Amino acid sequence: MDTHPRKLLVIIAEAALERSLVADARRLGAQGYTVHDVRGGGRHGTREGDWEADRSIEMKVIATEAVAEAIARHVLATYCADYSVTMFLADAQVLRPEKFS
Amino acid sequence: MVARSGYTARELRTAPNALLPDPLVLFFLLGLAARLLRSDLKVPEALYEALALYLLLAIGLKGGVELASHPLDGLGAQVAGSLALGFATPVVAFAVLRFAGRLPVADSASIAGHYGSVSVVTFAVATGWLASRGIAHEPYMALFVALLEVPGILVGIALARLHAPGRVAWGRLAHEVFLGKGIVLLIGGLAIGWAAGPERFTALKPLFVDLFKGVLAIFLLEMGLVVASQLRDLRRGGAFLPAFAIAAPVAFGAAGAWAGTALGFSVGGAAILATLAASASYIAAPTAMRIAIPEASPALSLTAALGITFPFNIIVGIPLYHRIAAAAAA
């Protein structure tokens, strides 16, 4: 089977950032994205997602390395100082490369 | 012999539970205790959303129906006076937090925004408290919930940006503030209730009026769970913030009771306006503040507004504001 290398960018952040993150990812070249509601904890405590101000989301974007890194750099510079954000990149293999420019 | 609540000793023997708090408050305490004791009790997020939607819509609808069927003499002055109160309280709160509490500008402004806005659930508990004691109030008070939700948030953001100019996406923010679910459902409910009028509303009454207190009870159970989680952050701060979270509602409540009386509200109406002035938002304000003042710590404002002021208001505050309103009227 023909596969094509891409990057999977995963951003876990406060739900308040969802709209901004989606708009930024689109603007920086992502063709698509997926968002889940999630809960979890870290060094600064837990976010249970019981109510509005306690919610977290996980956003996934599959894109070329250049686009994924541009989004990651933008998120680091714009949001990481003030918001709870966890972010990582992983290698992914896609079957239809035209969907993930 | 008359006991402290005004019950005679004989009444207390026949109804010993008369001294316990309202059932609504007991639901809240049940949720609080369950979370503090690490019970696995959880209200599903979708149900929480659905209950919040129901409460906001029901409050709007009831207010709208009453607006349609009552003469509105003096409403203009009451609206203007309440708005003035809504713009004044966050400015006072900011000054106290910044200069007495020596908190950073961003945190002072964010907390001031929470206290300037209002809590819909505290309002619902206050109307229930008055109704169960047969105390009348202007039936269109829901209008003031909608009016007072926004000014505090706007003032909080403006205060933060006056001191530390930063980029604020005002368009996006206005969208968030004026088209948040709270405002949409309250204003939408008011409009639908007003358009329906008392007679055509009869068909909707079983759902939106008769079931209201039961739904509010389940919502308060969930609020107990949420408040208990919030109390964990309390240990980190100093003594100033807890003191503020109790002094601010008392001071704003007294100001609201006095202003309500001066604006011609009944004792019950003034007590509700006082409760609104004393309450702090934890639905609309946190979201708006998180976007507009990212450098402010949400833990500070939520611990104060939700962890301390909300329980204080529903247990101690509401009866207190009613007393102040009665004293102001006399």
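Because the model is predicted, local features are described only where pLDDT is at least 70 and side-chain atom pairs count only at pLDDT 80 or more, whereas totals for chains, interfaces and linings use all residues. Residues are numbered from 1 along each chain as its sequence is written, and chains are lettered from A, with ligands numbered from 1, in the order in which they are written.

Chain A has two helices and six strands, where helices (H or I, at least four residues) and strands (E, at least two) are DSSP runs numbered from the N terminus. Read from the N terminus on, the elements of chain A follow the order β-α-β-β-β-β-α-β. The radius of gyration of chain A, 14 Å, is close to the 13 Å that the globule rule gives for 101 residues, so chain A is as compact as a globular protein of that length; this radius is taken over C-alpha atoms, and the rule is 2.2 Å times the number of residues to the power 0.38. Along its principal axes, the C-alpha trace of chain A spans about 45 × 25 × 20 Å. Of the 101 residues of chain A, 28% count as buried, a residue being buried if 20 or more other C-beta atoms lie within 10 Å of its own, exposed if 12 or fewer, and partly exposed in between, with C-beta atoms placed from the backbone. Among the contacts in chain A between residues at least 6 apart in sequence, 72% join residues at least 24 apart, where two residues are in contact if their C-beta atoms, placed from the backbone, lie within 7 Å.

Chain B has 15 helices and zero strands. A compact globule of 330 residues would have a radius of gyration near 20 Å, and the 19 Å of chain B agrees with this. The C-alpha atoms of chain B fill a box of roughly 60 × 45 × 45 Å along the principal axes, and 50% of its 330 residues count as buried. For contacts in chain B with a separation of 6 or more, residues 24 or more positions apart account for 87%.

Leaving aside residues up to four places away in sequence, B:Val145 touches B:Ile59, B:Val118, B:Val120, B:Phe123, B:Leu186 and B:Leu276.

B:Ala329 lies in helix α15 of chain B, and B:Ala329 counts as partly exposed because 14 C-beta neighbours lie inside 10 Å. Its C-alpha atom is separated by 8.1 Å from that of B:Ser266, 63 residues apart along the chain, and beyond residues up to four places away in sequence B:Ala329 touches B:Thr261, B:Val267 and B:Ala270.

Helix α2 (residues 23-36) of chain B has 14 residues and reaches 20 Å from its first C-alpha to its last, close to the 20 Å expected at 1.5 Å a residue, the expected span being 1.5 Å times one less than the number of residues. The buried residues of α2(B) are B:Leu24, B:Val25, B:Phe27, B:Phe28, B:Gly31, B:Leu32 and B:Arg35. What covers them includes α6 (120-132), α11 (212-230) and α15 of chain B.

In helix α5 (residues 105-116) of chain B, by comparison, eleven of the twelve residues are buried. These buried residues pack against α4 (75-100), α7 (142-163), α12 (240-262), α14 (284-292) and α15 of chain B.

Two loop residues deserve a look. B:Arg38, in the loop between α2 and α3 (45-69) of chain B, has a positive phi of about 60 degrees although it is not a glycine, and B:Arg38 is exposed, with 8 other C-beta atoms within 10 Å. B:Arg102, in the loop between α4 and α5 of chain B, has a positive phi near 55 degrees and counts as exposed with 9 C-beta neighbours inside 10 Å.

Finally, the contact between the chains takes ten residues from chain A and 14 residues from chain B. On the side of chain A that touches chain B, the residues divide into four nonpolar, one polar and five charged, where Ala, Val, Leu, Ile, Met, Phe, Trp, Tyr, Cys and Pro count as nonpolar, Asp, Glu, Lys and Arg as charged, and the others, Gly among them, as polar.
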